Amino acid sequence: MTSSRPALRVCGLTKSFIVHAQGDLALPVLRDVALSVSPGECLALVGPSGAGKSTLLRSLYGNYRADGGSIRVRQDEAWTELVGAEPRTVLDVRHRTMGFVSQFLRVIPRVSAVDVVAEPLRRRGSEPAEARRRAEFLLAMLGIPARLWSLPPATFSGGEQQRVNIARSLIVDYPILLLDEPTASLDAANRDGVVELIRQRRDAGAAIVGIFHDTGVRDAVATRVHEVLPPAQPAGVSPGVAA
Ligand SMILES: Nc1ncnc2c1ncn2[C@@H]1O[C@H](COP(=O)(O)OP(=O)(O)OP(=O)(O)O)[C@@H](O)[C@H]1O
């Protein structure tokens with residue numbers, strides 16, 4: 001299901017990091033980025049290492065503050081501007097409209113895997129039994145053995161934790177999904193489960209933006225690519241310097 005009315009629209013997006021170790025030098029990363037994603041589309045961000053793909057994705061989610069430009073999200077049949085928005089506006093968009101799937105699970109001590117996964121639905125007012133049923137469905141689909149569902153994920157393998165994280169991030173049907181390497185460190189069988197889930201979301205009408213270094217995964221899920229180009233660096237600054 002594709003719709004020509006975008007769910008996410010970015011214009012003139014600009015972002016620099018300030019490198020304190022180099023006398024507060026501004027390191028430009030994103031310059032004048034423009035993109036638009038409609039329901040049913042999956043836009044893959046491509047470009048060389050260090051070009052700014054993660055920076056762009058995190059800026060879309062409001063983890064990084066943009067210096068200029070516009071990030072608009074369709075919510076309640078209207079555009080909500082995220083650049084310069086109040087934190088509560090960003091939180092509201094995250095709660096209702098835009099999900100982010102990272103590679104890493106923030107492990108909560110003593111909470112079982114099924115409750116970790118069910119929690120975002122519970123927070124939105126779902127019946128506990130329904131949230132649990134949906135969490136179990138996703139865990140099964142992602143190949144987490146049922147014997148692990150009642151255990152806290154702290155001792156799970158890296159790949160198991162990653163899949164619990166994906167299940168938790170996808171349990172809510174967000175209209176917009178941002179995916180940061182969702183299949184990194186998964187084996188082939190588990191990768192296929194994640195790919196299937198992403199395709200289902202896309203075909204059900206989610207607007208997706210993602211980074212997929214695995215070209216097989218990218219080809220399986222992406223409907224378009226957006227090339228992120230590295231901006232010209234100021235003289236004397238090498239990429240990879242942390243602020
Ligand atoms: N917090 C930060 N502080 C300072 N510089 C940063 C920060 N995060 C990223 N950068 C710099 O911004 C540039 C873009 O980094 P980013 O991680 O967005 O690239 P990428 O395209 O996702 O790379 P890769 O494909 O290797 O993951 C790099 O030069 C990086 O060093």
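1. Burial first: 36% of the 243 residues of the protein chain count as buried (20 or more other C-beta atoms within 10 Å of a residue's own; exposed is 12 or fewer, partly exposed in between, with C-beta atoms placed from the backbone). Bear in mind that this is a predicted model, where local features need pLDDT of at least 70, side-chain atom pairs count only at pLDDT 80 or more, and totals for chains, interfaces and linings use all residues. Numbering starts from 1 along each chain as its sequence is written.

2. On the overall build, the protein chain has 7 helices and 9 strands (DSSP runs numbered from the N terminus: H or I of at least four residues for helices, E of at least two for strands). Its radius of gyration is 18 Å, close to the 18 Å from the globule rule for 243 residues, so the chain is as compact as a globular protein of that length (taken over C-alpha atoms; the rule is 2.2 Å times the number of residues to the power 0.38). The C-alpha trace spans about 55 × 40 × 35 Å along its principal axes.

3. A word on contacts: of those in the protein chain with a separation of 6 or more, 72% are between residues 24 or more positions apart (contact means C-beta atoms, placed from the backbone, within 7 Å).

4. Now the open sheet of 4 strands, ordered β2-β1-β4-β5 with antiparallel pairing (a pair needs at least two DSSP bridges between the strands). The edges belong to β2 (25-37) and β5 (78-81); each has a single partner strand, so one side of each lacks a neighbour in the sheet. Neighbouring strands are turned by 30° against each other on average, direction ignored (axes are lines fitted to C-alpha atoms, for helices over the stretch in contact, and angles run from 0 to 180 degrees between N-to-C directions). Strand β4 (residues 68-75) is joined to β5 by 4 bridges, running antiparallel, and arginine 72 has glutamate 81 in β5 as its bridge partner.

5. Helix α1 (residues 53-60) packs on that sheet, where it touches β1 (8-19), β2 and β4, and its direction makes about 65° with that of β2. Have a look at threonine 55, which lies in α1. Threonine 55 is buried, with 20 other C-beta atoms within 10 Å. Leaving aside residues up to four places away in sequence, threonine 55 touches Lys15, Val29, Leu30 and Tyr64.

6. Strands β3 (residues 42-46) and β8 (residues 207-211) run parallel and share 3 bridges; alanine 44 is partnered by glycine 210 in β8.

7. Last, the helix pair: α5 (residues 158-170) and α6 (residues 188-203) pack at about 10°, their axes 11 Å apart. They are therefore roughly parallel (under 35 degrees; over 145 is roughly antiparallel, 65 to 115 roughly perpendicular, the rest oblique). Gly159, Arg163, Ile166 and Leu170 of α5 meet Asn190, Val194, Leu197 and Arg201 of α6. The contact residues divide into 4 nonpolar, 2 polar and 2 charged (nonpolar: Ala, Val, Leu, Ile, Met, Phe, Trp, Tyr, Cys and Pro; charged: Asp, Glu, Lys and Arg; polar: the others, Gly among them).

Terms used
Two residues are in contact if their C-beta atoms, placed from the backbone, lie within 7 Å.
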